[in-house]
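Here is a short walk through one protein model. Have the sequence and the 3D view ready.

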Amino acid sequence: GSVSKTLIDLLGEQVEEEIQRTFAEMQLLSDLEMQNAMNAARKNATREQLRGLKATLDALLEHNDNAPEIERIPREEIVLDKELRDSIIKDGDQRVMATQTKIRKDNMVKDLMAKRIKELAWDSMSVHGTKLLSFTTAQTVHNFPIRVPTEDEKRTLEKVRSMRRIEINMTKAQKKELGMTNSLIELAVADTAAGGDAAARVAEAAEGVLQGETAEDPDEVWIKNQDDPCLYHRFEVSTRERKTSQIVMLEDCINRAKHTFNALFDDFMKRKVVVLGKIEEKNLRIVEIQEELGSTEELFDARLNDDEQPDRVLVVEDTDVKVEKWVSKEEIRRRQEQEEEAKKKGAGEDAADRALLGMMGGTLAGE
């Protein structure tokens with residue numbers, strides 16, 4: 001037997017080896033199996049006994065609830081083991097308090113994280129990202145989200161502007177004392193090759209100054225044609241300090257351009273809201289006509305999308321909560337009172353509508 005097993009192992013076949021147990025081990029396993037079977041029988045008998053006792057107690061409680069009031073026994077007097085009941089209630093209260101404490105702590109952490117995220121991603125923006133959607137096509141227009149400038153950025157911009165104004169005034173003073181130089185005039189003439197109305201105006205002013213026909217400084221003409229009079233000419237941005245100042249001022253120009261576009265964007269958004277209001281009024285009238293005609297044709301449902309209302313990202317609707325919400329008895333009673341008030345109010349409005357339909361045929365227009 002051992003030789004054949006070795007040959008089979010060498011051929012790579014799987015061999016199941018039987019475990020040889022002693023007589024004492026086999027006797028012990030047999031005793032354990034017997035004890036487990038007896039314990040299982042006892043557990044089942046105990047469970048059946050408890051089920052019977054519970055069914056009997058439930059029947060007695062139901063009989064007590066249905067009994068006449070004079071024969072009814074208070075629920076507190078039916079308790080057999082008051083100490084056990086008090087112990088169970090106390091243990092349940094402790095677990096409830098522990099669960100409430102844990103939930104409050106978790107909610108506090110989440111509220112802190114939400115507040116921090118809101119401060120970094122929402123409160124730090126002066127203009128939030130919004131889309132303007134088309135009514136029927138998939139075309140969308142985005143506005144420019146703009147961040148609130150920090151105090152350091154404001155001070156840096158004001159400092160750069162002040163230094164640039166001082167530099168411009170010093171240049172004017174030097175030109176009055178030392179005479180005009182043709183450095184920027186040559187640059188302006190060179191700009192004419194690239195085209196552009198601003199370059200042409202500067203070149204004309206430069207030629208006029210060279211020929212003595214006008215006293216208008218081409219540098220002044222160039223400055224007047226810029227969005228920011230403090231900007232450097234692109235050929236003047238040579239040193240590291242001027243490049244840094246130019247970057248700061250160009251960023252401010254970009255922000256002002258974004259604000260200008262956002263103003264137009266807000267104007268079109270307001271127009272869309274007005275149009276949506278008119279569509280809703282017409283839809284209400286169409287619904288009344290459909291009810292009279294018995295028509296079920298689907299209407300054009302025009303409303304603002306969530307992307308067009310950035311503030312809705314901070315609002316949590318009931319549909320956003322996927323778990324079942326626990327509602328207290330007070331909340332249920334309050335909701336029922338609100339529903340009753342709404343029904344009464346709606347009944348009054350319906351009466352007024354019926355009176356209008358009866359008197360004027362549902363319209364205020366004259367014949």
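Which elements each supply at least two residues of the lining of the second largest pocket? They are β4 (146-147), α4 (151-178) and α8 (240-293). Helices (H or I, at least four residues) and strands (E, at least two) are DSSP runs, numbered from the N terminus.

This is a predicted model, in which local features need pLDDT of at least 70 and side-chain atom pairs pLDDT 80 or more, while totals for chains, interfaces and linings use all residues. Residues are numbered from 1 along each chain as its sequence is written, and side-chain values use heavy atoms, without hydrogens and water.

Stay with the pocket. Helix α8 gives the most, with 7 residues.

Now look at Asn-262, also found in helix α8. Leaving out residues up to four places away in sequence, Asn-262 touches (heavy atoms within 4.5 Å) Val-127, Asn-143, Phe-144 and Ile-146.

Last, the cysteines. A disulfide is a covalent bond between the sulfur atoms of two cysteines. Here the test is a pair of cysteine sulfur atoms within 2.5 Å. The whole structure has 0 disulfides. Cys-230 is buried at 5% relative accessibility, and Cys-253 is buried at 14%.

Methods
Buried < 20%, exposed > 50% of the residue type's maximum accessible area, 1.4 Å probe, protein only.
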